[in-house]
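Please read the following note alongside the model shown below. It takes the chains in turn and then turns to their contact.

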Amino acid sequence: MAALDRPAPKPRPVYLNLFAIRLPLPGFVSILHRVSGALLFLIGIPLLLWVVQRSLASPDAWEQMRATLSTPLSKLILIVLAWAYLHHFIAGIRHLLMDMHWGMDLKSARQSSAVTIVLAILLTLAVAVKLW
Amino acid sequence: MVMPKRVVVGAHYGWRDWLVQRVSAVVMALYTLLVLFLVVRNGGLDYAAWKATFSSEIFRLASFVFMLSLLWHAWVGVRNIAMDYLKPVGVRLTFQVVVIVLLIGYVGWTIQVLWGGV
């Protein structure tokens, strides 16, 4: 049989050490898109519903909710979620632009990745300053 | 050569997920800008203005559409993550069922928040 004449395929190297793989910049934006999305799903959605529910219940509930959200731990969580929302938002717009074949070449893709990461962090800092 | 006219791949949810993810993203982005605009117009956040904003039936409907977009968007994203990292079928199925139940629960909670006080 012809199939038996072929040499056995060489074992390919499997190299998936996440701490040793150097991701290109667009790869970072991509994995951060995932991480931020997961955070928004796990914490963001229930927190959003809870906050809106309390905020509409009564003036007392509003004040109570504000107090709960102004502890240092709450503020830290809010800042992380703000980053997640901002990163996901900006990276999403980058996705939409690329769907329309805007910025598809390697150089622009790298540049827009850098813009996404930096802009999300800068806006998060602005939110943090406002919050504190 | 005449090629047979036939469909070569299976379930077709790929392109639908792709589209849902983008349409829901645009809805959420527009709603985000709307809320930002309303808060700025109200001169910040206070209970009376916030309550008044939510007393508008149109705003409630917009909020509902936003939440459905968010939950559907979350489903597509979480499902993709599950397909990449949860390999044993049983684990993945269990995880997906939990997520679906959770998301349906969130739809109920959303309705409660938006129309429960009426």
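1. Basis of the note. This is a predicted model, in which local features need pLDDT of at least 70, side-chain atom pairs count only at pLDDT 80 or more, and totals for chains, interfaces and linings use all residues. Residues are numbered from 1 along each chain as its sequence is written, while chains are lettered from A and ligands numbered from 1 in the order in which they are written.

2. Confidence. The pLDDT (the predictor's confidence in each residue, from 0 to 100) averages 91 in chain A, where 93% of the residues score at least 70. For chain B the average is 92, with 91% of the residues at 70 or above. For the complex, the predictor reports an ipTM of 0.88 and a pTM of 0.87.

3. Confidence by element in chain A. Helices (H or I, at least four residues) and strands (E, at least two) are DSSP runs, numbered from the N terminus. Among the elements of chain A, the lowest mean pLDDT, 59, belongs to helix α1 (residues 2-5) of chain A, and the highest, 97, to helix α4 (residues 72-99) of chain A. Where pLDDT is low, the predicted coordinates should not be read in detail.

4. Fold of chain A. Chain A has 5 helices and 0 strands, in the order α-α-α-α-α from the N terminus. Its radius of gyration (taken over C-alpha atoms; the globule rule is 2.2 Å times the number of residues to the power 0.38) is 22 Å, well over the 14 Å that the rule gives for 132 residues, so chain A is more spread out than a compact globule. Along the principal axes, the C-alpha atoms of chain A fill a box of roughly 80 × 35 × 30 Å.

5. Fold of chain B. The secondary structure of chain B consists of 4 helices and 0 strands. Chain B has a radius of gyration of 20 Å, whereas a compact globule of 118 residues would have one near 13 Å. The C-alpha trace of chain B spans about 65 × 40 × 25 Å along its principal axes.

6. Burial. A residue is buried if 20 or more other C-beta atoms lie within 10 Å of its own, exposed if 12 or fewer, and partly exposed in between, with C-beta atoms placed from the backbone. Buried residues account for 17% of the 132 residues in chain A and for 11% of the 118 residues in chain B.

7. Contact between the chains. Two residues are in contact if their C-beta atoms, placed from the backbone, lie within 7 Å. Chain A contributes 16 residues and chain B 17 residues. On the side of chain A that touches chain B, the elements giving two or more residues are α2 (25-57), α3 (59-69) and α4 of chain A. Of these, α2(A) gives the most, with 10 residues.

8. Nonpolar core. A nonpolar core is a set of buried Ala, Val, Leu, Ile, Met, Phe, Trp, Tyr and Cys residues joined through C-beta atoms within 7 Å. The largest has 17 residues, of which A:Trp83, A:Tyr85, A:Leu86 and B:Ala74 touch the most other members. Two or more residues each come from α2 and α4 of chain A and from α3 (57-85) of chain B, and α4(A) provides the largest share, 7 residues. Leaving aside neighbours within four places in sequence, B:Ala74 is in contact with A:Phe41, A:Ile45 and B:Leu103.
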